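Take a look at the sequence and the model, then read on.

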Amino acid sequence: LDSDRAAPPPRAGPMPGRSLMDGSSEDEQPDDSDAGALATLRRALPIPLPAAAALSALSVMTCVALGAIIGVSIGHRRAQPSASWSTVQVPPYGVGIGGWLVLEDWFFSGATGRHVMSQDPVGQGMCLPPLLQRSEEPWPSEGVLVRRLEQEHGWKAAVQVFEAHRHTFIGDSDWRRMQSLGLSMVRIALPWFAFADALSPLDPSIYNATTRFVPDPYRSEEAAFVTVDRAWLAEVLLQAGRHGLKVLLDIHMMPGASSDGTYNGVWPLPPMFWTANATVGKAGVPLTEVGLWVAKAMVDWVEGLPHEELGVVGGITFMNEPAHMANINRKAGNPFTKSDDQVLAWVKQSSDLFRKSTLPQKGVKLYINLIETSVNNFAGVIPAWFAETFSEHERRNWAVLDIHWYSAWSGSICSGRAIAKNDRYLCDQPIEDVRAIFRGCVEEAAERLGRGTDGLKACSEFSLGTFEDAVLACDDDDILHMLLEEQVDVMQRHNIEGFFWTWRMPYGPVFERAWSLKYIAGLERLSPPFACGGPVPAGTLQA
(Lines give C-alpha, C1' and ligand atoms only; values in the text may rest on other atoms or scores of the structure.)
Protein backbone atom coordinates (compact mmCIF):
# COMPACT_ATOMS: atom_id res chain seq x y z
CA LEU A 1 0.00 0.00 0.00
CA ASP A 2 2.98 2.34 -0.30
CA SER A 3 1.37 3.81 -3.41
CA ASP A 4 -1.39 5.20 -1.20
CA ARG A 5 1.02 7.69 0.28
CA ALA A 6 0.83 9.82 -2.84
CA ALA A 7 -2.87 10.58 -2.47
CA PRO A 8 -3.86 11.07 1.19
CA PRO A 9 -7.16 12.75 2.03
CA PRO A 10 -7.01 16.48 2.75
CA ARG A 11 -5.34 17.35 6.03
CA ALA A 12 -3.86 20.39 7.68
CA GLY A 13 -0.14 21.05 7.75
CA PRO A 14 2.79 19.06 6.44
CA MET A 15 3.33 15.42 7.31
CA PRO A 16 5.45 15.42 10.50
CA GLY A 17 8.77 13.44 10.72
CA ARG A 18 -8.83 7.04 36.54
CA SER A 19 -10.70 8.17 39.37
CA LEU A 20 -11.55 7.85 43.02
CA MET A 21 -15.08 8.35 44.23
CA ASP A 22 -13.38 10.13 47.31
CA GLY A 23 -18.69 -8.20 12.14
CA SER A 24 -17.52 -11.45 13.53
CA SER A 25 -15.79 -12.12 16.74
CA GLU A 26 -12.26 -13.27 17.21
CA ASP A 27 -13.89 -16.46 18.45
CA GLU A 28 -14.02 -17.42 14.76
CA GLN A 29 -10.91 -18.58 12.94
CA PRO A 30 -9.48 -16.45 10.11
CA ASP A 31 -10.30 -17.66 6.62
CA ASP A 32 -8.18 -17.51 3.49
CA SER A 33 -9.31 -13.96 2.70
CA ASP A 34 -7.99 -12.89 6.10
CA ALA A 35 -4.63 -14.40 5.23
CA GLY A 36 -4.55 -12.32 2.06
CA ALA A 37 -5.28 -9.16 4.02
CA LEU A 38 -2.53 -10.01 6.46
CA ALA A 39 -0.01 -10.37 3.66
CA THR A 40 -1.03 -7.08 2.07
CA LEU A 41 0.43 -4.92 4.82
CA ARG A 42 3.83 -6.57 4.97
CA ARG A 43 6.73 -4.27 4.14
CA ALA A 44 8.50 -6.90 2.09
CA LEU A 45 7.93 -10.56 1.35
CA PRO A 46 10.88 -12.93 1.18
CA ILE A 47 8.76 -15.32 -0.89
CA PRO A 48 6.13 -14.74 -3.60
CA LEU A 49 2.84 -13.25 -2.41
CA PRO A 50 0.55 -16.30 -2.95
CA ALA A 51 2.92 -18.59 -1.08
CA ALA A 52 3.32 -16.07 1.73
CA ALA A 53 -0.44 -15.74 2.11
CA ALA A 54 -0.89 -19.50 2.25
CA LEU A 55 1.88 -19.93 4.79
CA SER A 56 0.45 -17.03 6.81
CA ALA A 57 -2.97 -18.64 7.05
CA LEU A 58 -1.47 -22.03 7.91
CA SER A 59 0.86 -20.50 10.50
CA VAL A 60 -1.87 -18.50 12.24
CA MET A 61 -4.38 -21.35 12.36
CA THR A 62 -1.78 -23.84 13.53
CA CYS A 63 -0.68 -21.54 16.35
CA VAL A 64 -4.26 -20.86 17.39
CA ALA A 65 -5.12 -24.55 17.39
CA LEU A 66 -2.06 -25.47 19.45
CA GLY A 67 -2.73 -22.58 21.83
CA ALA A 68 -6.29 -23.76 22.41
CA ILE A 69 -5.05 -27.27 23.18
CA ILE A 70 -2.17 -26.50 25.53
CA GLY A 71 -3.33 -23.11 26.86
CA VAL A 72 -0.33 -21.15 25.69
CA SER A 73 -0.59 -17.99 23.60
CA ILE A 74 2.15 -16.58 21.41
CA GLY A 75 4.57 -14.73 23.62
CA HIS A 76 3.15 -15.48 27.07
CA ARG A 77 1.43 -18.12 29.18
CA ARG A 78 -2.22 -17.53 29.86
CA ALA A 79 -3.93 -18.94 32.94
CA GLN A 80 -7.43 -20.38 32.77
CA PRO A 81 -9.94 -19.21 35.40
CA SER A 82 -10.39 -21.81 38.13
CA ALA A 83 -13.63 -23.73 38.55
CA SER A 84 -14.73 -21.46 41.42
CA TRP A 85 -14.09 -18.44 39.23
CA SER A 86 -15.98 -19.53 36.15
CA THR A 87 -19.33 -17.78 36.53
CA VAL A 88 -20.75 -14.40 37.44
CA GLN A 89 -23.64 -15.43 39.66
CA VAL A 90 -24.91 -11.92 40.40
CA PRO A 91 -24.16 -9.72 37.39
CA PRO A 92 -23.62 -5.98 37.43
CA TYR A 93 -26.21 -3.81 35.74
CA GLY A 94 -23.99 -3.38 32.71
CA VAL A 95 -20.54 -3.53 31.20
CA GLY A 96 -18.43 -1.12 29.19
CA ILE A 97 -16.63 -1.91 25.97
CA GLY A 98 -13.24 -0.28 25.91
CA GLY A 99 -10.42 -0.96 23.49
CA TRP A 100 -12.84 -1.27 20.58
CA LEU A 101 -13.74 2.13 19.13
CA VAL A 102 -11.55 4.04 21.59
CA LEU A 103 -8.09 2.64 22.30
CA GLU A 104 -6.03 2.65 25.47
CA ASP A 105 -2.45 1.47 25.23
CA TRP A 106 -2.56 -0.93 28.19
CA PHE A 107 -5.34 -2.99 26.58
CA PHE A 108 -2.78 -3.98 23.91
CA SER A 109 0.39 -4.26 25.99
CA GLY A 110 0.96 -8.01 25.53
CA ALA A 111 3.04 -9.76 28.16
CA THR A 112 4.86 -6.55 29.10
CA GLY A 113 1.90 -4.51 30.42
CA ARG A 114 2.01 -3.28 33.98
CA HIS A 115 0.23 0.01 34.75
CA VAL A 116 -3.48 0.68 34.21
CA MET A 117 -2.64 4.34 33.72
CA SER A 118 0.66 4.47 31.87
CA GLN A 119 3.52 6.13 33.74
CA ASP A 120 6.10 6.27 30.96
CA PRO A 121 5.22 8.68 28.10
CA VAL A 122 6.55 6.06 25.68
CA GLY A 123 3.36 4.11 26.35
CA GLN A 124 2.63 0.39 26.61
CA GLY A 125 0.83 -0.40 23.34
CA MET A 126 2.54 -3.24 21.47
CA CYS A 127 -0.05 -4.33 18.90
CA LEU A 128 -3.49 -3.90 17.39
CA PRO A 129 -4.47 -7.32 15.99
CA PRO A 130 -5.22 -8.84 13.66
CA LEU A 131 -3.15 -6.78 11.20
CA LEU A 132 -0.74 -5.08 13.59
CA GLN A 133 0.67 -7.93 15.68
CA ARG A 134 3.87 -6.12 16.62
CA SER A 135 4.71 -2.44 16.85
CA GLU A 136 8.30 -1.41 16.16
CA GLU A 137 8.06 0.88 19.20
CA PRO A 138 5.43 1.11 21.93
CA TRP A 139 2.53 3.42 21.16
CA PRO A 140 1.05 5.68 23.86
CA SER A 141 -2.34 6.66 22.44
CA GLU A 142 -4.64 6.10 19.48
CA GLY A 143 -3.96 9.32 17.60
CA VAL A 144 -0.21 8.85 17.84
CA LEU A 145 -0.50 5.26 16.59
CA VAL A 146 -2.62 6.26 13.60
CA ARG A 147 -0.24 9.04 12.60
CA ARG A 148 2.75 6.67 12.83
CA LEU A 149 0.99 4.08 10.66
CA GLU A 150 0.19 6.75 8.08
CA GLN A 151 3.76 8.02 7.98
CA GLU A 152 5.23 4.55 7.59
CA HIS A 153 2.66 2.78 5.40
CA GLY A 154 0.18 5.30 4.02
CA TRP A 155 -3.24 6.37 5.26
CA LYS A 156 -5.12 3.49 3.60
CA ALA A 157 -2.97 0.99 5.48
CA ALA A 158 -3.82 2.76 8.74
CA VAL A 159 -7.51 2.58 7.87
CA GLN A 160 -7.24 -1.16 7.15
CA VAL A 161 -5.50 -1.86 10.46
CA PHE A 162 -8.30 -0.14 12.37
CA GLU A 163 -11.14 -1.57 10.31
CA ALA A 164 -9.79 -5.09 10.81
CA HIS A 165 -9.59 -4.50 14.55
CA ARG A 166 -13.09 -3.04 14.83
CA HIS A 167 -14.67 -5.88 12.88
CA THR A 168 -13.02 -8.65 14.93
CA PHE A 169 -12.78 -7.34 18.51
CA ILE A 170 -16.53 -7.58 19.19
CA GLY A 171 -18.84 -10.04 17.41
CA ASP A 172 -22.29 -11.54 17.74
CA SER A 173 -21.07 -14.08 20.28
CA ASP A 174 -20.07 -11.22 22.58
CA TRP A 175 -23.58 -9.74 22.56
CA ARG A 176 -25.02 -13.19 23.16
CA ARG A 177 -22.71 -13.82 26.09
CA MET A 178 -23.40 -10.43 27.63
CA GLN A 179 -27.10 -11.26 27.49
CA SER A 180 -26.51 -14.73 28.94
CA LEU A 181 -24.84 -13.17 32.00
CA GLY A 182 -27.98 -11.16 32.71
CA LEU A 183 -26.55 -7.76 31.84
CA SER A 184 -29.04 -5.02 31.01
CA MET A 185 -27.00 -2.32 29.29
CA VAL A 186 -23.70 -2.04 27.43
CA ARG A 187 -21.71 1.19 27.55
CA ILE A 188 -19.94 1.73 24.22
CA ALA A 189 -17.02 4.15 24.38
CA LEU A 190 -17.18 6.35 21.28
CA PRO A 191 -14.60 8.81 19.93
CA TRP A 192 -15.41 12.34 18.80
CA PHE A 193 -14.54 11.33 15.24
CA ALA A 194 -17.62 9.14 15.08
CA PHE A 195 -19.09 12.58 14.36
CA ALA A 196 -16.13 14.01 12.45
CA ASP A 197 -18.41 15.80 10.00
CA ALA A 198 -19.60 17.97 12.91
CA LEU A 199 -16.26 19.76 12.47
CA SER A 200 -17.07 20.76 8.88
CA PRO A 201 -17.34 24.48 9.85
CA LEU A 202 -13.57 24.32 10.38
CA ASP A 203 -12.85 22.88 6.93
CA PRO A 204 -15.42 20.80 5.00
CA SER A 205 -12.70 19.37 2.75
CA ILE A 206 -11.15 17.68 5.79
CA TYR A 207 -14.12 16.99 8.06
CA ASN A 208 -17.07 15.58 6.14
CA ALA A 209 -19.43 12.61 6.08
CA THR A 210 -17.32 10.50 3.72
CA THR A 211 -13.78 11.01 4.98
CA ARG A 212 -12.07 8.01 6.57
CA PHE A 213 -8.99 9.71 7.98
CA VAL A 214 -8.93 12.98 9.95
CA PRO A 215 -6.36 14.98 11.92
CA ASP A 216 -6.92 16.15 15.45
CA PRO A 217 -8.08 19.77 15.04
CA TYR A 218 -5.37 21.02 17.41
CA ARG A 219 -2.62 18.36 17.19
CA SER A 220 -2.93 17.97 13.43
CA GLU A 221 0.71 17.02 12.90
CA GLU A 222 1.05 14.67 15.84
CA ALA A 223 -2.30 12.84 15.91
CA ALA A 224 -4.81 11.52 13.40
CA PHE A 225 -7.77 9.14 13.54
CA VAL A 226 -9.74 6.63 11.48
CA THR A 227 -13.38 7.70 11.50
CA VAL A 228 -16.21 5.44 12.67
CA ASP A 229 -18.88 4.53 10.11
CA ARG A 230 -22.20 5.56 11.66
CA ALA A 231 -24.21 3.32 9.33
CA TRP A 232 -22.24 0.40 10.74
CA LEU A 233 -22.73 1.78 14.26
CA ALA A 234 -26.49 1.71 13.71
CA GLU A 235 -26.17 -1.95 12.74
CA VAL A 236 -24.30 -2.55 15.99
CA LEU A 237 -27.28 -1.11 17.86
CA LEU A 238 -29.59 -3.54 16.09
CA GLN A 239 -27.28 -6.41 16.91
CA ALA A 240 -27.27 -5.51 20.62
CA GLY A 241 -31.03 -5.03 20.58
CA ARG A 242 -31.65 -8.46 19.08
CA HIS A 243 -29.97 -9.89 22.16
CA GLY A 244 -32.19 -7.88 24.50
CA LEU A 245 -29.53 -5.34 25.46
CA LYS A 246 -29.76 -1.59 25.80
CA VAL A 247 -26.81 0.62 24.85
CA LEU A 248 -25.27 3.67 26.51
CA LEU A 249 -23.37 5.74 23.93
CA ASP A 250 -20.47 7.51 25.64
CA ILE A 251 -18.23 10.09 23.97
CA HIS A 252 -14.99 8.98 25.58
CA MET A 253 -12.59 11.55 24.09
CA MET A 254 -12.84 15.05 22.68
CA PRO A 255 -10.86 17.07 20.07
CA GLY A 256 -7.58 18.32 21.48
CA ALA A 257 -8.03 16.05 24.54
CA SER A 258 -10.31 17.05 27.40
CA SER A 259 -8.67 14.83 30.04
CA ASP A 260 -5.18 13.75 31.01
CA GLY A 261 -5.11 10.02 30.36
CA THR A 262 -4.10 7.54 27.67
CA TYR A 263 -7.69 7.32 26.41
CA ASN A 264 -7.68 11.01 25.41
CA GLY A 265 -6.31 10.25 21.92
CA VAL A 266 -3.14 12.36 22.03
CA TRP A 267 -1.41 11.30 25.26
CA PRO A 268 1.31 12.01 26.42
CA LEU A 269 0.72 15.45 24.90
CA PRO A 270 -1.11 17.74 27.34
CA PRO A 271 -4.87 18.30 27.01
CA MET A 272 -5.77 21.50 25.14
CA PHE A 273 -9.57 21.24 24.89
CA TRP A 274 -10.24 23.72 27.69
CA THR A 275 -7.77 26.46 26.77
CA ALA A 276 -6.94 26.43 23.04
CA ASN A 277 -8.50 27.17 19.68
CA ALA A 278 -8.55 24.79 16.74
CA THR A 279 -5.51 25.11 14.48
CA VAL A 280 -7.12 23.46 11.45
CA GLY A 281 -9.16 25.52 9.00
CA LYS A 282 -11.26 28.39 10.33
CA ALA A 283 -9.26 30.44 12.81
CA GLY A 284 -10.27 31.41 16.31
CA VAL A 285 -12.74 28.63 17.15
CA PRO A 286 -12.36 27.43 20.76
CA LEU A 287 -12.08 23.67 21.11
CA THR A 288 -14.81 23.83 23.76
CA GLU A 289 -17.15 25.10 21.05
CA VAL A 290 -16.01 22.34 18.73
CA GLY A 291 -16.91 19.88 21.49
CA LEU A 292 -20.43 21.29 21.59
CA TRP A 293 -20.67 20.72 17.83
CA VAL A 294 -19.84 17.06 18.47
CA ALA A 295 -22.44 16.81 21.26
CA LYS A 296 -25.11 18.38 19.04
CA ALA A 297 -24.24 16.02 16.18
CA MET A 298 -24.65 13.08 18.54
CA VAL A 299 -28.09 14.30 19.62
CA ASP A 300 -29.16 14.84 16.02
CA TRP A 301 -27.96 11.39 14.96
CA VAL A 302 -29.72 9.58 17.82
CA GLU A 303 -32.90 11.57 17.22
CA GLY A 304 -32.83 10.57 13.55
CA LEU A 305 -32.37 6.85 14.12
CA PRO A 306 -35.16 4.55 12.89
CA HIS A 307 -37.58 3.34 15.55
CA GLU A 308 -35.93 -0.02 16.18
CA GLU A 309 -32.39 1.37 16.51
CA LEU A 310 -33.57 4.26 18.68
CA GLY A 311 -35.27 1.79 20.99
CA VAL A 312 -31.90 0.23 21.80
CA VAL A 313 -30.34 3.52 22.97
CA GLY A 314 -30.88 3.71 26.71
CA GLY A 315 -28.70 6.74 27.27
CA ILE A 316 -25.93 9.00 26.02
CA THR A 317 -22.94 10.72 27.64
CA PHE A 318 -21.43 13.84 26.11
CA MET A 319 -18.03 13.64 27.81
CA ASN A 320 -16.31 10.88 29.73
CA GLU A 321 -14.45 12.07 32.85
CA PRO A 322 -14.51 15.80 32.03
CA ALA A 323 -11.13 17.38 32.82
CA HIS A 324 -9.81 14.26 34.56
CA MET A 325 -6.65 15.16 36.54
CA ALA A 326 -7.21 18.94 36.16
CA ASN A 327 -7.39 19.61 39.89
CA ILE A 328 -4.35 17.45 40.60
CA ASN A 329 -2.35 18.97 37.73
CA ARG A 330 -3.28 22.49 38.83
CA LYS A 331 -1.96 21.83 42.33
CA ALA A 332 1.24 20.52 40.75
CA GLY A 333 1.61 23.73 38.74
CA ASN A 334 0.43 22.33 35.39
CA PRO A 335 -3.17 23.52 34.91
CA PHE A 336 -4.98 22.63 31.71
CA THR A 337 -8.37 24.20 32.46
CA LYS A 338 -9.17 27.87 33.05
CA SER A 339 -11.22 27.14 36.17
CA ASP A 340 -13.52 24.62 37.83
CA ASP A 341 -16.47 26.78 36.83
CA GLN A 342 -15.48 26.48 33.19
CA VAL A 343 -15.69 22.67 33.31
CA LEU A 344 -19.08 22.62 35.01
CA ALA A 345 -20.38 25.34 32.69
CA TRP A 346 -19.52 23.19 29.65
CA VAL A 347 -21.28 20.19 31.16
CA LYS A 348 -24.31 22.38 31.85
CA GLN A 349 -24.31 23.83 28.34
CA SER A 350 -24.07 20.43 26.68
CA SER A 351 -26.83 19.10 28.94
CA ASP A 352 -29.07 21.88 27.68
CA LEU A 353 -28.68 20.45 24.14
CA PHE A 354 -30.19 17.23 25.43
CA ARG A 355 -32.92 19.04 27.38
CA LYS A 356 -34.07 20.90 24.25
CA SER A 357 -34.10 17.74 22.11
CA THR A 358 -36.84 15.14 21.76
CA LEU A 359 -34.73 12.45 23.45
CA PRO A 360 -36.14 12.85 27.00
CA GLN A 361 -39.64 12.23 25.61
CA LYS A 362 -38.34 9.19 23.70
CA GLY A 363 -37.08 7.42 26.80
CA VAL A 364 -33.39 8.18 26.36
CA LYS A 365 -31.47 9.27 29.47
CA LEU A 366 -28.52 11.63 29.81
CA TYR A 367 -25.69 10.22 31.91
CA ILE A 368 -23.81 13.18 33.35
CA ASN A 369 -20.37 11.77 34.08
CA LEU A 370 -18.24 13.72 36.57
CA ILE A 371 -14.95 12.85 38.21
CA GLU A 372 -13.41 13.87 41.51
CA THR A 373 -10.00 14.62 40.05
CA SER A 374 -11.41 17.47 37.97
CA VAL A 375 -12.53 20.15 40.44
CA ASN A 376 -11.54 21.27 43.92
CA ASN A 377 -13.81 20.22 46.82
CA PHE A 378 -15.79 17.89 44.58
CA ALA A 379 -17.97 16.47 47.37
CA GLY A 380 -18.86 19.95 48.57
CA VAL A 381 -19.52 21.49 45.15
CA ILE A 382 -21.27 18.85 43.05
CA PRO A 383 -24.46 18.12 45.05
CA ALA A 384 -25.56 21.78 45.02
CA TRP A 385 -24.49 22.24 41.40
CA PHE A 386 -26.38 19.16 40.27
CA ALA A 387 -29.57 20.19 42.11
CA GLU A 388 -29.35 23.66 40.61
CA THR A 389 -28.64 22.45 37.07
CA PHE A 390 -31.35 19.78 36.88
CA SER A 391 -34.90 20.00 38.21
CA GLU A 392 -36.33 17.35 40.51
CA HIS A 393 -38.39 16.01 37.61
CA GLU A 394 -35.28 15.77 35.42
CA ARG A 395 -33.21 14.12 38.17
CA ARG A 396 -35.87 11.46 38.63
CA ASN A 397 -36.58 10.82 34.97
CA TRP A 398 -33.60 11.36 32.68
CA ALA A 399 -30.65 13.17 34.33
CA VAL A 400 -28.39 10.43 35.72
CA LEU A 401 -25.53 11.44 38.01
CA ASP A 402 -22.66 9.16 36.96
CA ILE A 403 -19.41 8.88 38.93
CA HIS A 404 -16.67 6.27 38.48
CA TRP A 405 -15.25 4.33 41.42
CA TYR A 406 -11.99 2.41 41.56
CA SER A 407 -10.19 1.06 44.60
CA ALA A 408 -6.97 0.75 42.60
CA TRP A 409 -5.98 4.37 43.30
CA SER A 410 -7.40 4.71 46.80
CA GLY A 411 -4.18 4.07 48.73
CA SER A 412 -4.65 3.69 52.48
CA ILE A 413 -8.42 4.05 52.07
CA CYS A 414 -9.12 0.85 50.15
CA SER A 415 -6.19 -0.39 48.02
CA GLY A 416 -4.54 -3.77 48.41
CA ARG A 417 -1.33 -5.15 46.99
CA ALA A 418 1.38 -7.75 47.33
CA ILE A 419 3.87 -5.65 49.29
CA ALA A 420 3.35 -3.52 52.39
CA LYS A 421 3.18 0.12 51.32
CA ASN A 422 0.58 2.83 51.77
CA ASP A 423 -2.37 0.45 51.34
CA ARG A 424 -5.29 -0.80 53.43
CA TYR A 425 -4.62 -4.53 53.18
CA LEU A 426 -2.26 -7.17 51.83
CA CYS A 427 -3.31 -9.72 49.25
CA ASP A 428 -2.83 -12.75 51.51
CA GLN A 429 -4.98 -11.52 54.41
CA PRO A 430 -7.99 -13.72 55.30
CA ILE A 431 -10.80 -13.09 52.86
CA GLU A 432 -13.32 -12.12 55.53
CA ASP A 433 -10.95 -9.47 56.88
CA VAL A 434 -10.60 -8.02 53.38
CA ARG A 435 -14.36 -8.27 52.84
CA ALA A 436 -15.09 -6.18 55.93
CA ILE A 437 -12.63 -3.50 54.80
CA PHE A 438 -13.83 -3.45 51.22
CA ARG A 439 -17.54 -3.47 52.05
CA GLY A 440 -17.06 -0.40 54.22
CA CYS A 441 -15.26 1.39 51.38
CA VAL A 442 -17.95 0.63 48.81
CA GLU A 443 -20.78 1.49 51.21
CA GLU A 444 -19.21 4.86 51.99
CA ALA A 445 -18.72 5.59 48.30
CA ALA A 446 -22.32 4.66 47.49
CA GLU A 447 -23.62 6.86 50.28
CA ARG A 448 -21.51 9.74 49.01
CA LEU A 449 -22.98 9.33 45.53
CA GLY A 450 -26.44 9.28 47.10
CA ARG A 451 -25.73 12.62 48.73
CA GLY A 452 -24.95 13.97 45.27
CA THR A 453 -28.49 13.49 43.98
CA ASP A 454 -31.96 12.48 45.10
CA GLY A 455 -32.60 10.94 41.69
CA LEU A 456 -31.04 8.55 39.19
CA LYS A 457 -27.49 7.33 39.88
CA ALA A 458 -24.87 5.33 38.01
CA CYS A 459 -21.30 4.20 38.38
CA SER A 460 -20.37 3.58 34.75
CA GLU A 461 -16.90 2.26 35.60
CA PHE A 462 -15.70 -0.07 38.33
CA SER A 463 -13.36 -3.05 38.32
CA LEU A 464 -11.67 -5.61 40.54
CA GLY A 465 -8.27 -3.95 40.34
CA THR A 466 -6.89 -3.53 43.86
CA PHE A 467 -3.86 -1.49 42.72
CA GLU A 468 -2.96 0.38 39.52
CA ASP A 469 0.23 -1.66 39.07
CA ALA A 470 -1.22 -4.97 37.90
CA VAL A 471 1.95 -6.86 38.79
CA LEU A 472 1.51 -5.96 42.45
CA ALA A 473 -2.31 -6.03 42.56
CA CYS A 474 -4.12 -8.91 44.26
CA ASP A 475 -4.92 -11.82 41.95
CA ASP A 476 -6.31 -14.49 44.31
CA ASP A 477 -9.49 -15.94 42.81
CA ASP A 478 -11.49 -15.82 46.03
CA ILE A 479 -10.47 -12.25 46.82
CA LEU A 480 -11.40 -11.05 43.33
CA HIS A 481 -14.69 -12.93 43.33
CA MET A 482 -15.56 -11.34 46.67
CA LEU A 483 -14.73 -7.86 45.36
CA LEU A 484 -17.19 -8.35 42.50
CA GLU A 485 -19.92 -9.64 44.81
CA GLU A 486 -19.55 -6.75 47.24
CA GLN A 487 -19.57 -4.01 44.61
CA VAL A 488 -22.56 -5.44 42.76
CA ASP A 489 -24.49 -5.99 46.01
CA VAL A 490 -23.85 -2.49 47.38
CA MET A 491 -24.73 -0.79 44.09
CA GLN A 492 -27.95 -2.74 43.75
CA ARG A 493 -29.02 -1.92 47.33
CA HIS A 494 -28.35 1.78 46.72
CA ASN A 495 -30.14 1.79 43.33
CA ILE A 496 -26.92 2.57 41.46
CA GLU A 497 -26.51 1.28 37.92
CA GLY A 498 -23.06 -0.30 38.02
CA PHE A 499 -21.08 -0.92 34.82
CA PHE A 500 -18.01 -3.14 34.95
CA TRP A 501 -14.97 -1.81 33.08
CA THR A 502 -14.38 -3.55 30.72
CA TRP A 503 -15.76 -6.46 28.66
CA ARG A 504 -12.56 -7.91 27.23
CA MET A 505 -8.84 -7.31 26.77
CA PRO A 506 -7.32 -10.48 25.31
CA TYR A 507 -4.13 -8.63 24.38
CA GLY A 508 -3.53 -7.29 27.88
CA PRO A 509 -3.22 -10.59 29.80
CA VAL A 510 -1.62 -9.02 32.88
CA PHE A 511 -4.83 -7.07 33.50
CA GLU A 512 -7.54 -9.57 32.53
CA ARG A 513 -8.20 -11.16 35.93
CA ALA A 514 -9.35 -7.84 37.39
CA TRP A 515 -10.47 -5.85 34.35
CA SER A 516 -12.15 -8.21 31.85
CA LEU A 517 -15.66 -9.36 32.72
CA LYS A 518 -15.61 -11.84 29.84
CA TYR A 519 -12.47 -13.43 31.26
CA ILE A 520 -13.78 -13.36 34.83
CA ALA A 521 -16.97 -15.13 33.71
CA GLY A 522 -14.93 -17.90 32.08
CA LEU A 523 -16.13 -16.93 28.61
CA GLU A 524 -12.89 -15.66 27.07
CA ARG A 525 -11.00 -18.03 24.82
CA LEU A 526 -8.01 -19.61 26.54
CA SER A 527 -5.50 -18.22 24.08
CA PRO A 528 -5.89 -15.15 21.84
CA PRO A 529 -5.78 -15.86 18.10
CA PHE A 530 -2.90 -13.50 17.33
CA ALA A 531 0.39 -12.43 18.81
CA CYS A 532 0.86 -9.11 20.57
CA GLY A 533 4.47 -8.01 20.51
CA GLY A 534 7.47 -10.31 20.56
CA PRO A 535 8.35 -12.63 17.67
CA VAL A 536 5.74 -13.03 14.95
CA PRO A 537 5.70 -16.08 12.64
CA ALA A 538 6.94 -15.51 9.10
CA GLY A 539 4.17 -14.32 6.82
CA THR A 540 2.18 -12.62 9.62
CA LEU A 541 4.33 -9.56 10.31
CA GLN A 542 2.05 -6.61 9.77
CA ALA A 543 2.30 -2.90 9.19
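A residue counts as buried under 20% relative accessible area, exposed over 50%, and partly exposed in between, using a 1.4 Å probe and protein chains only. Keep in mind that this is a predicted model: local features need pLDDT of at least 70, side-chain atom pairs count only at pLDDT 80 or more, and totals for chains, interfaces and linings use all residues. Residues are numbered from 1 along each chain as its sequence is written, and side-chain values use heavy atoms, with hydrogens and water left out.

**The strands**
- Strands are DSSP runs (E, at least two residues) and helices likewise (H or I, at least four), numbered from the N terminus.
- Strand β8 (residues 313-317) is mostly covered, with five of its five residues buried.
- β8 pairs with strand β7 (residues 246-251) in the parallel sense over four bridges; pairing takes at least two DSSP bridges.
- Val247 sits opposite Val313 in β8.
- β8 also runs parallel to strand β9 (residues 365-370), joined by two bridges.
- Ile316 has Leu366 in β9 as its bridge partner.

**The helix pair**
- The axes (lines fitted to C-alpha atoms over the stretch in contact, with angles from 0 to 180 degrees between N-to-C directions) of helix α13 (residues 431-452) and helix α14 (residues 477-493) come within 10 Å and cross at roughly 30°.
- That makes α13 roughly parallel to α14, a label for angles under 35 degrees.
- Contact means heavy atoms within 4.5 Å, and the residues that meet include Phe438 in α13 and Met482 in α14.

Technical notes: Angles under 35 degrees count as roughly parallel, over 145 as roughly antiparallel, 65 to 115 as roughly perpendicular and the rest as oblique.
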